[in-house]
Amino acid sequence: AYCFADKPGYQKVGEYTGDANSLQTIVTGFPVRFVLIKAYDNTTNWEIFDSTRGGNKGLQPNVSSAEFSSGSNFVSFLLNGFEVSSINHENTDGKNYIYLAIA
C-alpha cells in the first residue's frame with residue numbers, strides 16, 4: 001500500500017466529483033508539477049500527468065502501454081493548483097476521483 005498525506009506547499013491529497021460540463025479547478029496552494037488521478041468508484045486506469053511533458057500527455061502506470069497524448073490538455077498546471085478538462089475521462093459526470101498533487 002502507498003500512504004500519502006498533505007504537506008503544505010509541497011504535496012496535496014484530495015478528491016473531486018466530475019461534472020463533464022466545466023473545468024474542474026483544484027486549488028492546492030502551490031504550483032503543481034505532478035498529478036496522479038484515479039476514479040475510485042469504477043475500474044478506470046490510474047493517470048499521471050506532469051508539467052515537463054505538458055498537460056496533453058500522460059502515463060497509466062497500471063498498464064503496459066506507452067505514453068498517451070491528445071491535441072488538447074487533459075490537465076492544465078496553475079500557479080496555485082491544476083485544472084482538469086471537461087472533455088476527457090478525468091472529469092466524467094458523477095464519478096468520484098482521488099488525486100495526489102506534488103510541487
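User: Before we start, what counts as a helix or a strand here?
Analyst: Helices (H or I, at least four residues) and strands (E, at least two) are runs assigned by DSSP and numbered from the N terminus. This is a predicted model, in which local features need pLDDT of at least 70 and side-chain atom pairs count only at pLDDT 80 or more, while totals for chains, interfaces and linings use all residues. Residues are numbered from 1 along each chain as its sequence is written, and side-chain values use heavy atoms, with hydrogens and water left out.

User: OK, where is S85?
Analyst: S85 is in the loop that links strand 8 (81-84) with strand 9 (96-102).

User: Buried or exposed?
Analyst: S85 counts as buried, because its relative accessibility is 10%. Buried means under 20% relative accessible area, exposed means over 50%, and partly exposed is in between (1.4 Å probe, protein chains only).

User: What does S85 touch?
Analyst: Leaving out residues up to four places away in sequence, S85 touches L23, N73, F74 and N91. Contact means heavy atoms within 4.5 Å.

User: And how far is S85 from G18?
Analyst: They are 67 residues apart in sequence and 9.9 Å apart in space, C-alpha to C-alpha.

User: Back to strand 8. Which residues cover its faces?
Analyst: G81 and E83 are buried on one side, and F82 and V84 are buried on the other. In a regular strand, side chains alternate between the two faces of the sheet.

User: Which strands does strand 8 pair with?
Analyst: Strand 2 is joined to strand 8 by four bridges, running antiparallel, and I26 stands opposite F82 there. Strand 7 (residues 75-78) is also joined to strand 8 by four bridges, again antiparallel, with S76 opposite E83. Two strands pair if DSSP finds at least two bridges between them.

User: What sits between strand 7 and strand 8?
Analyst: Two residues; the two strands form a hairpin.

User: Switching topic: what is the strand order in the open sheet?
Analyst: The open sheet of four strands has the order 1-9-3-4, with antiparallel pairing. Strand 1 and strand 4 (47-50) stand at the edges with a single partner strand each, so one side of each has no neighbour in the sheet. Neighbouring strands of this sheet are turned by 20 degrees against each other on average, direction ignored. The axes are lines fitted to C-alpha atoms, for helices over the stretch in contact, and angles run from 0 to 180 degrees between N-to-C directions.

User: How many bridges join strand 3 to strand 9?
Analyst: Six bridges join strand 3 (residues 34-39) to strand 9, and the two run antiparallel. A39 stands opposite Y97 in strand 9.

User: What about A20, what is its phi?
Analyst: A20 has a positive phi of about 60 degrees, although A20 is not a glycine. A20 lies in the loop between strand 1 (11-17) and strand 2 (24-27). A20 is partly exposed, with a relative accessible area of 32%.
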